[in-house]
Amino acid sequence: MKSIVAIVGRPNVGKSTLFNRLIGQRLAIIEDEPGITRDRLYADCEWTGHHFTLVDTGGIQTGAEGQIDEAVTRQAQTAIAEADVVVFVCDVRQGVTNEDENVARILRRTRKPLILCVNKVENLHHEQDASEFYSLGMGDYVTVSSIHGMGTGDLLDQIVRLLPADPAEAEAPDPDLVRVAVVGRPNVGKSTLINTLAGEDRVIVSDVAGTTRDAIDVLLQQDGDRYLFIDTAGMRRRARVDEAVERYSVMRSLRAIERADVVLLLIDAAQPITDQDQKIATYVKEQGKACVVVANKWDLVAKTDKTMKEFTEKIRYEFRFMEWCETAFLSARTGSRLPKLLPVVKLAWLNHGRRVSTAQLNEVIRESVLLTPPPTDKGKRLKIYFATQPHTRPPGFVLFINDPELMHFSYRRYLENRVRETFDFSGTPLRWFLRKRESKFAALKPKEIGPREIRRSRQIKLERRAARKAGAGPGTAAHVRDE
């Protein structure tokens, strides 16, 4: 495990600005308003070959009032408890305040390595004013201007000196890490789901919509598999997003989708599916991410023996533009049916990275063309010469054909359905690319249809007819097994 460095202090002293400056990217939201950062925000940081994890926290308020303010303070205290080094940030422009003194007393009791960082020091006059912070009894301080980057190198040098003697080396990118973004409208239970999975109050939960603002990473392990869950802010309709901070939060949520392999789209099972749910799903599909639609608050739904089946059909209808998505029903608050979620997530992740051999793919395409030849357009018929899969996450297929304009969307959908019937691509979208092949490559066309192919085509038709009579229609497990 890498060492952990926590950035703490009272509200609005520039902690998030310093956090962004040290990690070299705008990960934390910055605004001239106290209380923007609420949850703990983690990011990897490197300096002179030393790797550690930097933690941004909300402002500590010793006299906090209100549910959210108290929760923010608890999150900061948790970050201090798990940190190897603590950076205490103060504001030179406001000088030493009573709140600074209260925070200093809390930090001294922790007996952790402490660095007093005086922020917003941008000229010689500010350097002289910084001497006032000796009164906190924390020894020498480091002056920085996080907005301009002044002094941050000295601060990083001091952090590296205080890190444990043998910090763990930076981990190589883990190809087996399952990155999961949890998205949805406000107040559908995203943070509650993260906390229940983690077994602790990892992110703040409140009935106030918009409590979560940053995208928060939570690493979980189960049965030898590693999952990185990304809790995101609720995404409202654009017309209802008024605050600049909330606009940034929505942008963070969209970026979290881009980072993820699998997206959990949470909907409220006790309420109708809305246009905003469909818009979020559309963005997930456009980004080519595997998706699991999670009907949360399932404990609030009156049930019969047909409720789940009917609700599944409703989800398939409302999200018919991504009918390949997986579904899950649970209650994040009570934990009901929660153990069924991770296996569904892992299945979607595996299918998202599935690769089909060229020989198998061309065999399926050839049989599909035999069963249902392409229609003609003004006397011209589509010819499919060759197929291959060069991409995964999401799976992407290239078809080499005589003329892309002859490929009607309905026939492409037919080919996709045939591929899905043969191979398990549930939970993930498929992408198709058309390439025109000139006549000089005609030798690469599939072999001509002979007696063997004709017999095989007739056999498939007879098996399909028998399966329909037996009740195993196209797409069922029995039908796929027979083929």
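## Starting points

The expected span of a helix is 1.5 Å times one less than its number of residues, and that rule will come in handy below. Helices (H or I, at least four residues) and strands (E, at least two) are DSSP runs, numbered from the N terminus. The model is a predicted one, in which local features need pLDDT of at least 70 and side-chain atom pairs count only at pLDDT 80 or more, while totals for chains, interfaces and linings use all residues. Residues are numbered from 1 along each chain as its sequence is written, and side-chain values use heavy atoms, with hydrogens and water left out.

## The chain and its confidence

The protein chain holds 14 helices and 17 strands. Of its 483 residues, 50% are buried, where buried means under 20% relative accessible area, exposed over 50%, and partly exposed in between (1.4 Å probe, protein chains only). Take contacts (heavy atoms within 4.5 Å) between residues at least 6 apart in sequence: 71% of them join residues at least 24 apart.

The mean for the protein chain is 82, and 79% of the residues reach 70 or more. Where pLDDT is low, the predicted coordinates should not be read in detail.

Now for the helix rule. Just after α8, Gly-288 has a positive phi of about 70°.

Helix α11 (residues 358–371), with 14 residues, should span 20 Å, and its end C-alpha atoms agree at 20 Å apart. Buried residues in α11 include Leu-361, Val-364, Ile-365 and Leu-371. Helix α12 (residues 409–422) also has 14 residues and reaches 20 Å from its first C-alpha to its last, close to the 20 Å expected. Among the buried residues of α12 are Tyr-411, Leu-415, Arg-418 and Glu-421. An α-helix has 3.6 residues a turn, so residues three or four places apart point the same way.

## The nonpolar core

A nonpolar core is a set of buried Ala, Val, Leu, Ile, Met, Phe, Trp, Tyr and Cys residues joined through side-chain atoms within 4.5 Å. The largest one has 52 residues, of which Leu-155, Leu-193, Phe-229, Leu-264 and Leu-341 touch the most other members. Helix α10 (residues 341–352) supplies the largest share of this core, six residues.

Which residues does Leu-341 touch, not counting those up to four places away in sequence? They are Leu-193, Leu-197, Leu-264, Val-294, Ala-328 and Leu-330.

## Aromatic rings

Rings of Phe, Tyr and Trp (its six-membered ring) pair if their centres lie within 6.5 Å; planes under 30 degrees apart count as stacked, over 60 as edge-to-face and the rest as tilted. The count comes to 10 aromatic pairs. In one, Phe-386 and Phe-400 have ring centres 6.2 Å apart and planes at 40°, so the pair is tilted. The two sit 14 residues apart, Phe-386 in strand β15 (residues 384–391) and Phe-400 in strand β16 (residues 396–401). Phe-386 is partly exposed at 30% relative accessibility, whereas Phe-400 is buried at 18%. Trp-298, Phe-311 and Phe-329 form one aromatic cluster.

## Loops worth a visit

Asn-402 lies in the loop between β16 and α12 and is buried, with a relative accessible area of 19%. Its C-alpha is 6.6 Å from that of Leu-382, 20 residues away in sequence.

In the loop between β15 and β16 you will find Pro-394, which a cis peptide bond joins to Arg-393, with omega about 0°. Asn-187 has a positive phi near 65°, and so does Arg-337, at about 65°. Most residues other than glycine have a negative phi, and most peptide bonds are trans.

How values were computed:
pLDDT = per-residue confidence, 0-100.
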